[in-house]
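Visitor: I'm new to this structure. Could you take me through one part of it closely, the place where the two chains meet, and then show me what lies behind it?

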Protein chains: 2
Amino acid sequence: MKATLMYCAGDVRTEDVPDPVVERPTDALVQITTSCICGSDLWPYGSMAPADGPARMGHEFLGVVTDVGAEVAGLQAGDHVVAPFAYSDGTCAFCREGLYTSCVHGGFWDEPGQQGGQAEAIRVPLADGTLTKLPVAPDSALAPSLLTLSDVFGTGYHAAVWGGVTERTTVAVVGDGAVGLLAVLSAKLLGAERIVLMGRHEDRTGLGREFGATDVVAERGEEGVAKVRELTGGEGVHVVLEAVGARPAYDQSFGIVRPGGTISRVGVPQYEEAPVGFGSLFAGNVTLTGGPAPTRAYVETLLPAVLAGTVEPGRVFDRTVGLDGVPDGYRAMADREALKVLVTP
Amino acid sequence: MKATLMYCAGDVRTEDVPDPVVERPTDALVQITTSCICGSDLWPYGSMAPADGPARMGHEFLGVVTDVGAEVAGLQAGDHVVAPFAYSDGTCAFCREGLYTSCVHGGFWDEPGQQGGQAEAIRVPLADGTLTKLPVAPDSALAPSLLTLSDVFGTGYHAAVWGGVTERTTVAVVGDGAVGLLAVLSAKLLGAERIVLMGRHEDRTGLGREFGATDVVAERGEEGVAKVRELTGGEGVHVVLEAVGARPAYDQSFGIVRPGGTISRVGVPQYEEAPVGFGSLFAGNVTLTGGPAPTRAYVETLLPAVLAGTVEPGRVFDRTVGLDGVPDGYRAMADREALKVLVTP
């Protein structure tokens, strides 16, 4: 079957690989119907060393179960499913609390021994805990929106929930990528009346306005900070949803947050150390929260609105390619030609 | 009158200074009856450059109002009062939310133009917003416990409240200074059943056990982290109350916190940058919170238990000096001879 491999920065290839097989009794095999390229895939696309490749790519997918291991109880061939970007057993202490990304037996698709979602098929470990059955057919027109439950919609929602967004909070979203735009939509769902989107790509911020942003700030750095402070009477916003992961986005976040407020990060940090002392977080009792979103936890919460069509998170996809077009999809996203690329194997 | 001045690291003097006067109509003058030396005073005591001195010292005090400015409405001469370690107007947006340390007109006692509490008397700015009247006489035997409402008890309580301590959380307190011990007491008040105190001074951790610590870990660094993880079945604790402010205490905190847990800092950070990326906070969705405690907000909450004698936070004081003894009090605390020194002018 065909799958996507990244050899090193800038070098993504569609290649033939062996078909997946059931390796453990808790595995399921899934024929992938829809997947996509993630903003976070662009980090290795920009920096991966040849020694770290080739790596199977893709951690967001919808598909149809084709086979299950002997211990899989809740799934059978023919089920239409959505996978979160982390697999999990669904039964450990952390999973029971909804923190599936900290599952003691779980992990991420890019770990050794795992396979990728930008492919024709995949072996899904801990299938009962990982996959959620969908009540619509695989050819549903809702597929793009359903696919966002794998990662980007759940991730934006996680940022908003952990940031404490309510109808009483002013919100700023840093980043106009797919996660940032869906953080806007999530803040709107949670009742926020003032949502400032910081981004400078007009086509994206336009979609952000349709998702609920009330203000757009195109400026960055100190200028951007000054603009948000001006919009909030000098105080800053109650909640910052940081959906980029670069250090300047972090610095911008503590620049615009209100004393007593919260910075909720879901962009994977491309830095380890950052300011947290008196001059940044401490003096104003600013809270820093967030991390890898347990999107499995939000599927049931967000699914009804997607099925009802009251939200259309799939609008973040602005290009569709087949598997052979995936390498060019990476290029298009890296060049900011495309916001998010849908892959239909 | 006599007051305490720090000239530089290791050089604290008791000197004659001019008596305070009402400078603004919102001022009150207070004759100080009880004050003390703070663990945070030891940071400049260890590092202050001569160019930054001399500085008036002390930010915790009880006293009796002797005069008030024309606009002071809620206080009069003869009132027995407690002052928090930050002054505030009590009316701005942040004060109304209880975040008095972010008051737009407020500040700290060590700022230029302000005076110190380790003295015979002091000018209190924004007196109506800053001072709380106490319903007992200045010579009450409760004075040491009441004085902890200025800073250390309220600070420990702030750590516990912002850390989200409840009867369902396991707690670790990093640091066996006065704030750490009162963080233990605060966690106990909030219902925590498992409280691990990390400290290596046996007389202090002994008091910590009396305040509610169920376990004491004397080891530090990696050994200490391993010990706490062992005590918690490998998972770590839900809430870490960090009451030191040194970088190793921060590193210890993210080593022992459970995925999805919270590090609540009230030790004034002696660092600006620290790890916050995938390898420290992000991977486990760990929340970092805390800051300067708005102790003014907690006086009413904690006062009843102090007055009833059901808690005795004043037990953190283990030495008493007059103003002339303050320089030696600093030395004794820096040498770890004394836990916290009470000053009776």
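Guide: Here is a walk from the meeting place of the two chains back into chain A. Keep in mind that this is a predicted model.

Let's start with the contact itself. On one side there are 32 residues of chain B, and they touch 32 residues of chain A. Which parts of chain B do the touching? At least two residues each come from α2 (93-96), β15 (257-265), β16 (273-275), α10 (278-282) and β17 (287-290) of chain B. If you sort the residues on that side of chain B by class, you get 15 nonpolar, 12 polar and five charged.

Strand β16 (residues 273-275) of chain A pairs with β16(B) across the chain boundary; the two run antiparallel and are joined by three bridges. To find a spot to look at, pick Pro275(A): its bridge partner in β16(B) is Glu273(B).

Now step back and look at how the chains are arranged. Two copies of a chain are related by a rotation about an axis and a shift along it.

You'll find Asn285(A) in the loop between α10 (278-282) and β17 (287-290) of chain A. Its phi is near 55 degrees, which is a positive value in a residue other than glycine. Is Asn285(A) buried or exposed? There are 23 other C-beta atoms within 10 Å, so Asn285(A) is buried.

Next, zoom out to chain A as a whole. The chain splits into domain 1 (2-151 + 294-343) and domain 2 (155-290). Their C-alpha centres are 27 Å apart. Where the two domains touch, domain 1 of chain A gives 16 residues and domain 2 of chain A gives 14 residues. The domain 1 side of that contact is made up of eight nonpolar, four polar and four charged residues.

Moving on to the strands of chain A, you'll come to an open sheet of three strands, in the order β2-β1-β4, with antiparallel pairing. β2 (11-16) and β4 (55-56) of chain A each have a single partner strand and stand at the edges, so each has one side without a neighbour in the sheet. Between strand β1 (residues 2-8) of chain A and β2(A) there are six bridges, and the pairing is antiparallel. Leu5(A), for instance, has Arg13(A) as its bridge partner in β2(A). Helix α12 (residues 326-334) of chain A packs on this sheet, where it touches β1 and β2 of chain A, and its direction makes about 160 degrees with that of β2(A).

The peptide bond from Gly53(A) to Pro54(A) is cis, with omega near -5 degrees. Pro54(A) sits in the loop between α1 (42-47) and β4 of chain A. In chain B, the bond from Gly53(B) to Pro54(B) is cis too, with omega near -10 degrees.

Another strand to visit is β6 (residues 80-83) of chain A. In a regular strand, side chains alternate between the two faces of the sheet. In β6, His80(A) and Val82(A) point one way, Val81(A) and Ala83(A) point the other way, and all are buried. Strand β5 (residues 61-68) of chain A runs antiparallel to β6(A), joined to it by four bridges, and Val64(A) stands opposite His80(A). β6(A) also has two bridges to strand β10 (residues 132-133) of chain A, again antiparallel. There, Val82(A) has Thr132(A) as its bridge partner.

The last stop is Leu126(A), in the loop between β9 (121-124) and α3 (127-130) of chain A. Leu126(A) is not a glycine, yet its phi is positive, at about 45 degrees. Leu126(A) counts as buried because it has 23 C-beta neighbours inside 10 Å.

Definitions and conventions: Residues are numbered from 1 along each chain as its sequence is written. Chains are lettered from A and ligands numbered from 1 in the order in which they are written. This is a predicted model: local features need pLDDT of at least 70, side-chain atom pairs count only at pLDDT 80 or more; totals for chains, interfaces and linings use all residues. Two residues are in contact if their C-beta atoms, placed from the backbone, lie within 7 Å. Ala, Val, Leu, Ile, Met, Phe, Trp, Tyr, Cys and Pro count as nonpolar, Asp, Glu, Lys and Arg as charged, and the others, Gly among them, as polar. Two strands pair if DSSP finds at least two bridges between them. Axes are lines fitted to C-alpha atoms, for helices over the stretch in contact, and angles run from 0 to 180 degrees between N-to-C directions. A residue is buried if 20 or more other C-beta atoms lie within 10 Å of its own, exposed if 12 or fewer, and partly exposed in between; C-beta atoms are placed from the backbone. Domain bounds come from an automatic or database domain assignment.
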